[in-house]
Amino acid sequence: MSRRLIAHVYVDGIAYGPDDEVPAAVARRIGAHAWTSGEDAGGPPGVPGTDGGAEPPPRSGRGSGIEAWRAFAEQHKVEVATDASREDIIAAAESAGVVEPEQPKD
């Protein structure tokens, strides 16, 4: 089961509620305190293993390694080959819609 909002939240003047599908770009702007999971309502949102709603790892720098991305993909049930590179895992997560494609820098 995917994570759900526990109440209505307004982002840029648009209301999102517990029964709404929240776009990934909007979901990243909503704090972890606003999410819950029907599977484990007692666990805090955003904690790996409690709701699968942890934020994606950074794409560069500290915490951006293949292990972090593989764990993130597993949390979101994104299938990747055991020999997949970090870039392959990120591409699979983008294709599955669990992360937004990286925007080119100007």
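**Notebook: cores, a helix and salt bridges**

I looked up V22 and found that V22 touches L5, Y16, A27, I30 and W35, leaving aside residues up to four places away in sequence. Contact here means heavy atoms within 4.5 Å. I noted that this is a predicted model, where local features need pLDDT of at least 70 and side-chain atom pairs count only at pLDDT 80 or more, while totals for chains, interfaces and linings use all residues. Residues are numbered from 1 along each chain as its sequence is written, and side-chain values use heavy atoms, with hydrogens and water left out.

**Entry on the cores**

I then listed the largest nonpolar core, which has 10 residues: L5, V9, V11, Y16, V22, V26, A27, I30, A34 and W35. A nonpolar core is a set of buried Ala, Val, Leu, Ile, Met, Phe, Trp, Tyr and Cys residues joined through side-chain atoms within 4.5 Å. Buried means under 20% relative accessible area, exposed over 50%, and partly exposed in between (1.4 Å probe, protein chains only). Strand 2 and helix 1 (24-27) are the elements that give two or more residues to this core. Helices (H or I, at least four residues) and strands (E, at least two) are DSSP runs, numbered from the N terminus. Another core of 9 residues lies apart from the largest one, and V78, A84, I90 and A93 are among its residues.

**Entry on helix 2**

Which residues of helix 2 are buried? In helix 2 (residues 66-75) I found W69, F72 and A73. They lie on the same side of helix 2, because they cover an arc of only 100° around the axis. The arc is that of the directions from the helix axis to the C-beta atoms. E67 and E74 are exposed on the other side. Helix 3 (86-96) is included in what covers the buried residues. After helix 2 comes K77, with a positive phi near 55°. K77 is exposed, at a relative accessible area of 72%.

**Entry on salt bridges**

How many salt bridges does the structure hold? I found 4. A salt bridge is a side-chain nitrogen of Lys or Arg within 4 Å of a carboxyl oxygen of Asp or Glu. One of them joins D12 and R29 (2.7 Å, N to O). D12 is in the loop between strand 2 and strand 3 and R29 in the loop between helix 1 and strand 4 (35-36), so the pair ties together parts 17 residues apart in sequence. D12 also has a positive phi of about 55°, although it is not a glycine. Another bridge joins R59 and E94, with the closest N and O atoms 2.8 Å apart. R59 is partly exposed at 22%, and E94 is partly exposed at 25%.
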